[in-house]
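Work through the exercises below with the structure open. Try each task before reading its solution.

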Amino acid sequence: MSVTGHHYCRTSKTVSKSSVIFCVDYRHNMAEKQAGVIRKLDEVVVNRIAAGEVIQRPANALKEMMENSLDAKSTSIHIVLKQGGMKLLQIQDNGTGVRKEDMEILCERFTTSKLEKFEDLNTVTTFGFRGEALASISHVAHVTITTRTGDSKCAYRGCYSDGKLKEPPKPCAGNVGTQITVEDLFYNILTRRKALKNASEEHAKSVDVVGRYAVHNCRVAFTVKKFGECNADVRTPQDSSHVDNIRSVYGVDVAKELLEVSHVDETLSFKLHGYISNANYSVRKFVFLLFINNRLVDSSAMKKAIDFVYQAYLPKNSHPFLYLSLEILPQNVDVNVHPTKHEVHFLHEDDIIGSIQKVIDTKLLGANTSRIYYTQALLPGVSSTLSTDTKKPSTSESGKVLEIEIETSLI
Ligand SMILES: Nc1ncnc2c1ncn2[C@@H]1O[C@H](COP(=O)(O)OP(=O)(O)OP(=O)(O)O)[C@@H](O)[C@H]1O
Ligand SMILES: [Mg+2]
């Protein structure tokens, strides 16, 4: 608009400010009067746009592929990342594998083994249902899939591009399960590639998402590591426990300060189970692992509500760690509200959040009556002020550290 106005006024030389605006509007309206020609977008463009919504960064692609591995009943999932997953993202599972005859359409949009009719969305318990994750990835990266089912004598390998299998799958050696290799993510979307230039940030995001799934799916073994390195960033064994996995992913400091929460609400038809940090533990950034019907989701409303409860127990500007798993009647949950599935809507959201707040508050209050305080014993003749720090034991050469359990309550 300013370009149009500038051009027009230069030719009319002596015009007042108001007439400039008039001229600009006039020209602008004229342009708007002409209807645009409507064309059907090329299918590759459509798919690439759609893929960009589902796959926003390596961590999204990884989440989708981990969910597929879990849907395929895998008990071990191993991930390798190069340049934060942008150069290479490889996931190997020991699940059901894919039948050779399905490999042709595996990466086509809207091909799934998990949903048949729209109504199934009300009862869907698998992570996947749209049949577009692998398609999306294949539209923005080079994808190679090696897979073997339990009844097949060998594995088959296929390479995919823009949703299509490039040539018939080739037989090869391989274990039962699936290995997916994603290379050069966003090779064909320059702007997205530029926006993701920090490999270590992308690596951290991918490791974070694996850690969360490892805590929730403690029966499954997970590893994630950098390409060429022996040490894994996350390594959890098969048949572990939630707390053991919290310890190995988030550290002993938080693992030793956890309270188990468990609640069944008949009226609101939901179940809650999880582990929450007690009042002895706090961090600068709220760590909230929320799973609704086994799906890793975000809920800023729930996060805020829980943080509010903790405000009564924690020092200012510090936050808790929570791992919560919620089971809500599938027909009360709308899983299909976000392209990356990281958001869900559910019925009675406010009431359920209120109920969870109460469960957490009661738990913290109960635990607070036997909270551990640390004080310093004074040696006779040494003048010193008592430490008022209730978080860490104070150590000094003049005093021995004593742990005293004080019965206390905030009310
Ligand atoms: N690791 C795997 N093991 C076995 N089968 C798999 C694996 N990954 C994908 N598949 C098969 O490929 C199909 C397509 O996967 P994709 O992730 O694209 O779609 P989806 O999981 O069905 O739905 P969504 O797009 O919501 O994730 C799946 O339905 C499944 O049958
Ligand atoms: Mg899927």
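## Exercise 1: a strand residue and its contacts

Task: list the contacts of V224, leaving aside its neighbours within four places in sequence.

Solution. V224 is in contact with I79, L81, S206, V207, V210, A232, D233 and V234. Keep in mind that this is a predicted model. Then take one partner. V207 is 17 residues from V224 in sequence, yet the C-alpha atoms are 6.7 Å apart. Last, classify V224. Counting gives 27 other C-beta atoms within 10 Å. The cut-off for buried is 20 or more. V224 is therefore buried.

## Exercise 2: the chain as a whole

Task: state how many helices and strands the chain has, what share of its residues is buried, and what share of contacts comes from residues 24 or more positions apart.

Solution. Start with the elements: 11 helices and 18 strands. Move on to burial: 32% of the 411 residues count as buried. Finish with the contacts. Among those with a separation of 6 or more, 64% join residues 24 or more positions apart.

## Exercise 3: helix α5

Task: decide whether helix α5 is largely enclosed or open, and name what covers its buried residues.

Solution. Step one is the list of buried residues: A133, L134, A135, S136, I137, S138, H139 and V140. Step two is the count. That is 8 of the 8 residues of α5 (133–140), so the helix is largely enclosed by the rest of the structure. Step three is the cover. It includes the helices α3 (43–54) and α4 (58–71). It also includes the strands β3 (142–148), β4 (155–161) and β7 (177–183).

## Exercise 4: how α3 meets α5

Task: describe the crossing of α3 and α5, and name the residues that make the contact.

Solution. Two packed helices are described by the angle between their axes and the distance between the axes. Here the axes of α3 and α5 come within 8 Å and cross at roughly 115°. The range 65 to 115 degrees counts as roughly perpendicular. So α3 is roughly perpendicular to α5. The crossing is left-handed. On the α3 side, the contact uses N47, R48, A50, A51, G52 and V54. On the α5 side, A133, S136, H139 and V140 take part. By class, the residues of this contact are 5 nonpolar, 4 polar and 1 charged.

## Exercise 5: the shell around ligand 1

Task: find which residues come nearest to ligand 1, and sort its shell by class.

Solution. There are 22 residues around ligand 1. N68, A72, T112, G128 and A133 come nearest. Now look at the elements: α4 and α5 each supply at least two residues of the shell. Sorting the shell gives 7 nonpolar, 10 polar and 5 charged.

Notes:
Residues numbered from 1 in each chain as written. Chains lettered and ligands numbered in written order. Predicted model: local features only at pLDDT ≥ 70, side-chain atom pairs only at ≥ 80, totals over all residues. Buried ≥ 20, exposed ≤ 12 C-beta atoms within 10 Å, placed from the backbone. Helix = DSSP H or I, 4+ residues; strand = E, 2+ residues; numbered from the N terminus. Contact = placed C-beta atoms within 7 Å. Near = placed C-beta within 6 Å. Nonpolar A, V, L, I, M, F, W, Y, C, P; charged D, E, K, R; others polar. Axes fitted to C-alpha atoms, helices over the stretch in contact; angles between N-to-C directions. Parallel < 35°, antiparallel > 145°, perpendicular 65-115°, else oblique. Left-handed = near helix turned anticlockwise from the far one by under 90°.
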